[in-house]
Amino acid sequence: MYKAPDILTADEIRAWDRFTIEENGCTSLTLMNQAAEVLANQWESHQFAGKKVLVACGKGGNGGDGLAMGRILAQRGYSISIWLCEMPNQHSDTALQLQQVNGQSQMNIIPADRLPIPGEFDTLIDALRGNGTSRPADGPLKEQIDWINQSGLPVVSIDLPSGMPGNTPFTCEWPIIRARQTLCLDPIKLNLLLPESAPYRGKVHRISFGLSPRFRAVQTLATLNRASDLAAQLPDRPRFMHKGTAGHALLIAGSAKYPGAAWLCAEACTRAGVGRTTLSSTQNVWNNPPAHLSEVIKHLNGTDTPSVFPSAQPHQAVAIGPGIGTASPTASAMGQFLKNANKNYARLILDADALNLLSKHPKWKDRVPAGSILTPHPMEFDRLTGLHSNSWERLSTLKQLASERGWVVVLKNAFTFTGTENGELFLTARGNTALARGGSGDVLAGLMAAISARGASAAATARIASWLLGRAAECAANQHSEEGILLSDILKQLPVAFANLRNDSGSAEFFGYF
């Protein structure tokens, strides 16, 4: 099975192209034609609207891809018009592609100084600019992008919506194509994974076109979490293990206002292979324990809000935060608990209200031991570290915070990034919008407590748990729909997710689209 590549810089992507060309003994033009063939196949397999297609081509490699793709589609019976928005540099691969197009009598060439008539076409292929974009479009290019956005034609962009850089910051003021679909050639570009791309990217299709699997990048922007890599880091289950050797996890979760958070966290923990699970929660939570969680060990920590945290010492991992609130008694209990945190061997997993309390008491950060795992979503992250104006700033702070403190920090979003104590950044590409509901983080915290208690490292715990949660959501969506799924449906799919992880089945990272 072909593995999706990591997230690379523009220089590394070019190096990968060169490596493939040298390994195969081919030319860059051959590789461009190879990519165009796969792009055309993708176009036909998804039956994009209509047979009359306008291809807007720039002067660079992206324009060359568009010219070659248009030529192939014309040979397959499509009515193709090329809007030649810029003349390519002489002797470039794009110039050679243009020569081949000029030899095709069935293709129409529209010069840059003439505007196409939108009503004559069913759809538009955007091949103006690719991964090399580094500044806002201006001059004729800006005018062409504006025209495309105002044309009313459905747009399919090659690699990236033109005007969007691959991995550097941009703002909503940049002129950028608003595509309905993006056919992204391997590897996936970082900006397509960030919320800032949402108005422009449409549905993204990952296009593998034969780059060498033997290429090894010198530097990656983020390493993709893959099932095969993670399975090797998941603790084994030897035949003669017993509850005493399978780990003991402590969950400090739930309150009168959020009883469900405790039970979601507890069920996730018990479904993740841990030997024993102790839930420390309030009397209101324990008044109605779910019948199917009878194995959970009870600890009472208050009436309405948690006010007395148990000792961490008998446990291998302690997850604190889901639904506990931020009332004064809870804050006092957490502050006291953290005073002794460095004396314990249990790994701490701080989530939700534990992070909010940490934000309200910044000096407590010094009490959080190295090796702890923090699991903020963007708002919690900004409360903890200060406001950020965009995702690139947030990712930079993520790496800095993790490496300076020796923590593992999991920044939860549609695509989850994990920063490690070694300064590495890992990407979890699993999951869907079924996880965009309250309680998903509670499930993740429970998974982490179990996996950590079983003996996984902090980084492995965070990476494995986020992968499992995303995969379980995908399995649930296969049976229901992303809208109609309950977290209980996702929890029931955790055994399937574990099987997929261990067997590396049903687990191609980045499905055909995302």
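Q: At what angle do helix α3 and helix α4 pack?
A: This is a predicted model, where local features need pLDDT of at least 70, side-chain atom pairs count only at pLDDT 80 or more, and totals for chains, interfaces and linings use all residues. Residues are numbered from 1 along each chain as its sequence is written, and side-chain values use heavy atoms, leaving out hydrogens and water. Helix α3 covers residues 61-75 and helix α4 residues 93-102. Their axes lie 8 Å apart, and the packing angle is about 25 degrees.

Q: Are α3 and α4 roughly parallel or roughly antiparallel to each other?
A: Angles under 35 degrees count as roughly parallel, over 145 as roughly antiparallel, 65 to 115 as roughly perpendicular and the rest as oblique. With α3 and α4 at about 25 degrees, the two helices are therefore roughly parallel.

Q: Why is the pair of Phe-170 and Tyr-200 edge-to-face?
A: Rings of Phe, Tyr and Trp (its six-membered ring) pair if their centres lie within 6.5 Å; planes under 30 degrees apart count as stacked, over 60 as edge-to-face and the rest as tilted. The ring centres of Phe-170 and Tyr-200 are 6.2 Å apart, and the angle between their planes is 70 degrees.

Q: Is Phe-170 buried or exposed?
A: Buried means under 20% relative accessible area, exposed over 50%, and partly exposed in between (1.4 Å probe, protein chains only). Phe-170 has 5% relative accessibility, so this residue counts as buried.

Q: Which residues do ring pairs link into a cluster?
A: Phe-170 also forms an edge-to-face pair with Trp-392, at 5.4 Å centre to centre and 65 degrees between the planes. The cluster linked by ring pairs consists of Phe-170, Trp-174, Tyr-200 and Trp-392.

Key
Axes are lines fitted to C-alpha atoms, for helices over the stretch in contact, and angles run from 0 to 180 degrees between N-to-C directions. Helices (H or I, at least four residues) and strands (E, at least two) are DSSP runs, numbered from the N terminus.
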